[in-house]
Amino acid sequence: MVQASKSEQPAAPVPEDGTLDNLTDAAKGCRACPLWERATQTVFGRGPTGSRVMLVGEQPGDSEDRFGEPFVGPAGRLLDQALKRAGFDREAIYVTNAVKHFKWEPRGKRRLHSKPNRGEIEACRPWLDAEIRAVRPRVIVCLGATAAQALLGKELRVTRDRGKAIPSPLAPYVMATVHPSSLLRSPDEETRRREMERFVDDLKKARAYAAAPAEPAPSPASAPPRPAGRKSSQAAGRSSTLVQPGSRRSKAL
Ligand code: SF4
């Protein structure tokens, strides 16, 4: 199994002029963890600078690795359907992953998704922080537990906290929901239909947050960068307020 070894890896070569074009180019040569060795290419985020909403998944899958774009495989198609039903224009949204290279294990002729470990997520965090600085979204939506715990801390439970706005210095509104690939693993059609409804409802909340009065935006110096999730983990544990969509009202966790 591929393991990250931080001590032997160079840091992610994030350029100081962190425009999205520069970041995308620089990330092509990243060797900050071993995942590049077995992947076809770096799959950087896609979407316009100034997108009000940023979606953060876990890592590229098999299709994304081949095409070089995030969320273009089966899970991406489900995401497209859900975004459309929630009233989003996918082209106006910035879509990325916590880890930019596909981690996989061989199973016969297939390449099976393998979950990135903490060292790999931390090694890749500078790229995600740079994307957040460049895009400055109003709403960040973490898709699945890996992205949610990387950005909001290990205490975050998607099943419990989905749809809630968690206070974070990363953006005025940061929330979590499931990864669309989880819908693909539904045991039957009825479950998939029900889970799709819940996913669409969560995305509608993100849309409401995007239209809500903005909380004070984090300054570039105070938002990222910081170690992957450890501070935010503590902060999430301490913090304790959940903001309702379209409202400044908060309630205790
Ligand atoms: S997964 Fe991230 S940190 Fe690791 S080599 Fe790829 S871009 Fe660099």
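These are my notebook entries on what I looked up in this predicted model.

**Overall make-up**

I began with the protein chain as a whole and found that its secondary structure comes to 9 helices and 8 strands. Of its 253 residues, 46% count as buried. I then looked at contacts in the chain with a separation of 6 or more, and residues 24 or more positions apart account for 73% of them.

**The open sheet**

Next I traced an open sheet of 4 strands, whose order is S2-S1-S5-S6 and whose pairing is parallel. Strand S2 (94-97) and strand S6 (173-177) stand at the edges with a single partner strand each, so one side of each has no neighbour in the sheet. From one strand to the next, I noted a twist that averages 20°.

**Strand S1**

Going through individual positions, I found methionine 54 with tyrosine 94 as its bridge partner in S2, valine 56 opposite threonine 96 in S2, and leucine 55 with valine 141 as its bridge partner in S5.

Which way do the residues of S1 point? I recorded Val53, Leu55 and Gly57 on one side and Met54 and Val56 on the other, all of them buried. I had in mind that side chains in a regular strand alternate between the two faces of the sheet. Because 5 of the 5 residues of S1 are buried, I describe this strand as largely enclosed by the rest of the structure.

**Helices on the sheet**

Helix H5 (residues 145-152) lies across S1, strand S5 (139-143) and S6, and it runs at about 130° to S5. Helix H8 (residues 189-211) also packs on the sheet, where it touches S1, S5 and S6, and its direction makes about 175° with that of S6.

**Nonpolar core**

The largest nonpolar core holds 64 residues, and those that touch the most other members are Val56, Ile140, Cys142, Leu151 and Val174. The largest share of this core, 8 residues, comes from H4.

**Leucine 128**

In helix H4 I picked out leucine 128, which counts as buried because it has 27 C-beta neighbours inside 10 Å. Leaving aside residues up to four places away in sequence, I found leucine 128 touching Val56, Thr96 and Ala98. Leucine 128 and phenylalanine 44 are 84 residues apart in sequence, yet their C-alpha atoms are 9.3 Å apart in space.

**Proline 167**

I also checked proline 167, which lies in the loop between helix H6 (158-161) and S6. Is proline 167 buried or exposed? With 20 C-beta neighbours inside 10 Å, it counts as buried, since the cut-off for that class is 20 or more. Its C-alpha atom is separated by 8.9 Å from that of leucine 152, which is 15 residues away along the chain.

**Around the ligand**

Finally I listed the shell around the ligand, where 16 residues lie and where Cys30, Ala32, Cys33, His101 and Cys124 come nearest. These residues divide into 11 nonpolar, 2 polar and 3 charged. Helix H4 (residues 118-135) supplies the largest share of the shell, 4 residues.

Terms used:
Residues are numbered from 1 along each chain as its sequence is written. This is a predicted model: local features need pLDDT of at least 70, side-chain atom pairs count only at pLDDT 80 or more; totals for chains, interfaces and linings use all residues. A residue is near a molecule or strand if its C-beta atom, placed from the backbone, lies within 6 Å of it. Helices (H or I, at least four residues) and strands (E, at least two) are DSSP runs, numbered from the N terminus. Ala, Val, Leu, Ile, Met, Phe, Trp, Tyr, Cys and Pro count as nonpolar, Asp, Glu, Lys and Arg as charged, and the others, Gly among them, as polar. A residue is buried if 20 or more other C-beta atoms lie within 10 Å of its own, exposed if 12 or fewer, and partly exposed in between; C-beta atoms are placed from the backbone. Two residues are in contact if their C-beta atoms, placed from the backbone, lie within 7 Å. Two strands pair if DSSP finds at least two bridges between them. Axes are lines fitted to C-alpha atoms, for helices over the stretch in contact, and angles run from 0 to 180 degrees between N-to-C directions. A nonpolar core is a set of buried Ala, Val, Leu, Ile, Met, Phe, Trp, Tyr and Cys residues joined through C-beta atoms within 7 Å.
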